[in-house]
Amino acid sequence: MESSTRRLTRIGLLAAAAVVLFVFEGLAPRPLPWMKLGLGNLPVMLALMGYGPLAALTVSVLKLFIGGLLSGSLANPAFFIGAGAGMFSWLVMSAARALGRSIFSAVGLGIWGAVTHQLAQLALAYIYIGQWGMWTLLPVALLGGLISGILIGLLAHWVHDRSVQ
Amino acid sequence: MSRAFKELQWLSILTKGDRVLIAVIALAIGGLYGVELRKEEGARVVIRSEGDTQIFDMADHAIRSLQGPKGVSEVEIGSLGIRMRTSSCRFQRCVHRGWIRRQGDMIVCIPNRIVMTIQGKRAAVDAVSR
């Protein structure tokens with residue numbers, strides 16, 4: 001069992017990494033506007049896998065607020081949509097993890113996280129703009145979520161294997 | 001076998017749950033794209049901005065300017081369909097959406113509060129079963 005200081009330090013480092021990845025990803029050019037890899041979710045997943053749901057929540061909330069402050073998007077509609085989607089994605093990933101790692105590996109967690117993030121984003125945008133037909137974006141959102149979820153899940157599996165223990 | 005190659009064998013880390021999840025999502029995507037491709041091309045476009053609704057015929061090619069809270073957005077109706085030509089919003093998602101032309105297709109600009117929907121000749125019906 002790791003000491004609490006070590007645990008705190010690790011979670012702090014993961015939160016710092018999440019902020020950097022989140023801001024960096026916002027700056028990087030995107031081939032398609034809907035294709036965001038979700039690199040910021042990687043430290044959240046690592047916190048979930050190494051230290052449990054509460055640690056993941058801490059990393060996710062710090063990422064959203066500090067990242068939002070740094071990128072200047074704090075408190076605009078896009079921020080609230082992203083933050084809501086982030087919370088929903090955390091909830092679903094935590095539930096998937098709680099089922100046990102023999103049911104879903106890191107790749108499964110990554111897919112759950114990315115796909116629910118995409119779906120929640122669409123749902124919140126729908127609530128905000130109040131128009132049906134946002135759902136024509138559903139297939140693209142699902143495809144993007146599936147691909148980025150697999151990639152981030154593989155990265156998380158690989159990093160987790162080498163960093164914890 | 002080199003170590004780098006072993007790390008590429010990622011299929012082995014997938015659990016049964018992972019595989020089922022991937023299969024279900026892939027099927028959903030396939031089904032949704034199938035429905036999308038069977039939609040007919042639209043005839044009219046409904047543009048809503050700031051509580052204002054305008055309807056244009058898609059055969060009348062034109063460029064129109066709309067005033068939103070973030071500034072002016074230009075809508076273009078052309079032979080490829082309709083698109084947001086320019087927009088004074090930050091992320092330009094509406095512009096990147098490109099041309100749309102099928103019934104039910106939609107371009108939404110959240111920052112500038114513009115929604116464009118394509119309708120058929122008659123009332124907006126998704127499909128008719130015979």
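Which residues is I25(B) in contact with, leaving aside its neighbours within four places in sequence? The legends below describe a predicted model, and the first of them gives the answer.

**Figure 1. Surroundings of I25(B).** Leaving aside neighbours within four places in sequence, I25(B) is in contact with I111(A), V115(A), L142(A) and L146(A). I25(B) is also listed among the residues with the most contacts inside the largest nonpolar core, together with M45(A), V59(A), V107(A), I111(A), L146(A) and I150(A).

**Figure 2. The nonpolar cores.** The largest nonpolar core has 37 residues. Two or more residues of this core come from each of α1 (4-27), α2 (41-51), α3 (53-71), α4 (77-98), α5 (106-129) and α6 (138-163) of chain A, and from α2 of chain B. The biggest share, eight residues, is given by α2(A). A second, separate core has 17 residues, including V45(B), L66(B), I107(B) and C109(B). In soluble globular proteins, nonpolar side chains tend to be buried together.

**Figure 3. The interface of chain B and chain A.** Zero salt bridges are counted between chain B and chain A, but five residue pairs are in polar contact across the interface.

**Figure 4. The salt bridge of E41(B) and R101(B).** The side chains of E41(B) and R101(B) meet with N and O 2.4 Å apart. E41(B) is in the loop between α2 and β1 (44-49) of chain B, and R101(B) is in the loop between α3 and β6 of chain B, so the pair links distant parts of the chain, 60 residues apart. E41(B) is partly exposed, because its relative accessibility is 49%. R101(B), at 33%, is also partly exposed.

Figure 5. In the bridge of E74(B) and R85(B), the closest N and O atoms are 3.6 Å apart. E74(B) lies in strand β4 (residues 71-78) and R85(B) in strand β5 (residues 81-87), so this bridge ties together parts 11 residues apart in sequence. R83(B) and E76(B) form a salt bridge at 2.7 Å. R83(B) is partly exposed at 24% relative accessible area, whereas E76(B), at 16%, counts as buried. Salt bridges with shared partners join E74(B), E76(B), R83(B) and R85(B) into one network.

Methods:
Residues are numbered from 1 along each chain as its sequence is written. Chains are lettered from A and ligands numbered from 1 in the order in which they are written. This is a predicted model: local features need pLDDT of at least 70, side-chain atom pairs count only at pLDDT 80 or more; totals for chains, interfaces and linings use all residues. Side-chain values use heavy atoms; hydrogens and water are left out. A salt bridge is a side-chain nitrogen of Lys or Arg within 4 Å of a carboxyl oxygen of Asp or Glu. A polar contact is a pair of N or O atoms within 3.5 Å; within protein, one must be able to donate a hydrogen and the other to accept it, and residues adjacent in sequence count only if both atoms are side-chain atoms. A nonpolar core is a set of buried Ala, Val, Leu, Ile, Met, Phe, Trp, Tyr and Cys residues joined through side-chain atoms within 4.5 Å. Buried means under 20% relative accessible area, exposed over 50%, partly exposed in between (1.4 Å probe, protein chains only). Helices (H or I, at least four residues) and strands (E, at least two) are DSSP runs, numbered from the N terminus. Contact means heavy atoms within 4.5 Å.
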